[in-house]
Amino acid sequence: MSIEERRRREERRGRNERRGRNNRRRRDTRRREEVYPSRRRQRRHRRNIQIMKRGVILCCCIILIIFGISKITQKDEAPDEVQAHKIEKKIERKISSPSNTKKVKKGFEQKVIAQAPEYQVELLTPNSYSRPQTALEEVKGIVIHYTANPGTTAIQNRSYFESLKDTKVTKASSHFVVGIEGEIVQCIPSTEVAYASNDRNSDTLSIECCHKDETGEFTKETYDTLVELTAWLCSKFNLPVDNVIRHYDVTGKECPIYYVKNEDAWEGFKKDVQKYLDTYGIDPEDDTE
């Protein structure tokens, strides 16, 4: 074999080898082009699923947080006629239960006064010094107080209770305040405890009354409104008038001072409450509401 033939043979072999390598590269390239897009699609699909799962979890967490915050910050701003209608059925069950008949006269049913007195609802901001938001499960009595702050109005005394959350000088409040001109301000819902009557805070409603001078005697407007409010609360919570007491009857404190020093006036007040019930109330069986 001549040198020239050998050279041409080697050139052909070299070309065949290069052609083979090129063919293998093209096959490998086509294979990668077929496999890689599929893998990319799979990775993208898995990533999208993970994103969707995280989004769902995040939305659920946000909804739960919003629900929790709304429950914490939710305030029952309803007044007494207010709160009473929410627990009316509960109270009726307690009144009719055997255990409760031991606490009031057997078979006792107070007359019904449908018309509530007019009052302004100015509930205190929840705080540990004047509105702890402790549940008042049952109302067994009504306690009458005087403000011991001559010449002040109902809203001024309400503002004093409100200020205790900042001053923290004492714990004090009242469900209602009756002003010198007969206005009524509600400070605490009738379903919550007020800091007014010491050992009876847990089962009584409190009424603070404004007065003009140190004698503690109420004006005619204050007196008439107090009679109306007390009678209505007795009706609402099925209380006999004997369950209306003075702060003095709980602790011995001279409050309300005029009715501590004038027992006859106190008995006259209770008679006026009963008279109001007899005049404007109707027997429960006659109540068509």
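Visitor: In what order do the elements of the protein run from the N terminus on?

Guide: They run α-α-α-β-β-α-β-β-β-α-β-α-α-α, with eight helices and six strands in the protein. Helices (H or I, at least four residues) and strands (E, at least two) are DSSP runs, numbered from the N terminus. This is a predicted model, where local features need pLDDT of at least 70, side-chain atom pairs count only at pLDDT 80 or more, and totals for chains, interfaces and linings use all residues. Residues are numbered from 1 along each chain as its sequence is written, and side-chain values use heavy atoms, leaving out hydrogens and water.

Visitor: How much of the protein counts as buried?

Guide: Buried means under 20% relative accessible area, exposed over 50%, and partly exposed in between (1.4 Å probe, protein chains only). Here 38% of the 289 residues count as buried.

Visitor: Which residues touch the most other members of the largest nonpolar core?

Guide: A nonpolar core is a set of buried Ala, Val, Leu, Ile, Met, Phe, Trp, Tyr and Cys residues joined through side-chain atoms within 4.5 Å. The largest has 37 residues, and Ile142, Ile144, Ile207, Leu229, Leu233 and Phe269 touch the most other members. Helix 5 gives the most to this core, with eight residues. There is also a second, separate core of 12 residues, including Phe161 and Ile180.

Visitor: What is Ile207 in contact with, leaving aside neighbours within four places in sequence?

Guide: Contact means heavy atoms within 4.5 Å. The partners of Ile207 include Ile142, Phe176, Leu226, Leu229 and Leu233.

Visitor: How do I read the span of helix 5?

Guide: The expected span of a helix is 1.5 Å times one less than its number of residues. Helix 5 has 17 residues and reaches 24 Å from first C-alpha to last, close to the 24 Å expected. Because 12 of its 17 residues are buried, helix 5 is largely enclosed by the rest of the structure. Among the buried ones are Tyr223, Leu226 and Trp232. After helix 5 comes Asn238, with a positive phi near 55°.

Visitor: Which residues make a nonpolar surface patch of about 290 Å²?

Guide: Like charges are joined within 9 Å, nonpolar side chains (Val, Leu, Ile, Met, Phe, Trp, Tyr) within 5 Å. Areas come from the Shrake-Rupley method with a 1.4 Å probe, and for residues only the protein chains shown count as cover. Leu58, Ile62 and Ile66 make this patch. Ile62 sits in helix 1 (residues 3–73) and counts as partly exposed because its relative accessibility is 42%.

Conventions
Patch = residues over 30% accessible without salt bridge, like charges linked within 9 Å, V, L, I, M, F, W, Y side chains within 5 Å. Salt bridge = Lys/Arg side-chain N within 4 Å of Asp/Glu carboxyl O.
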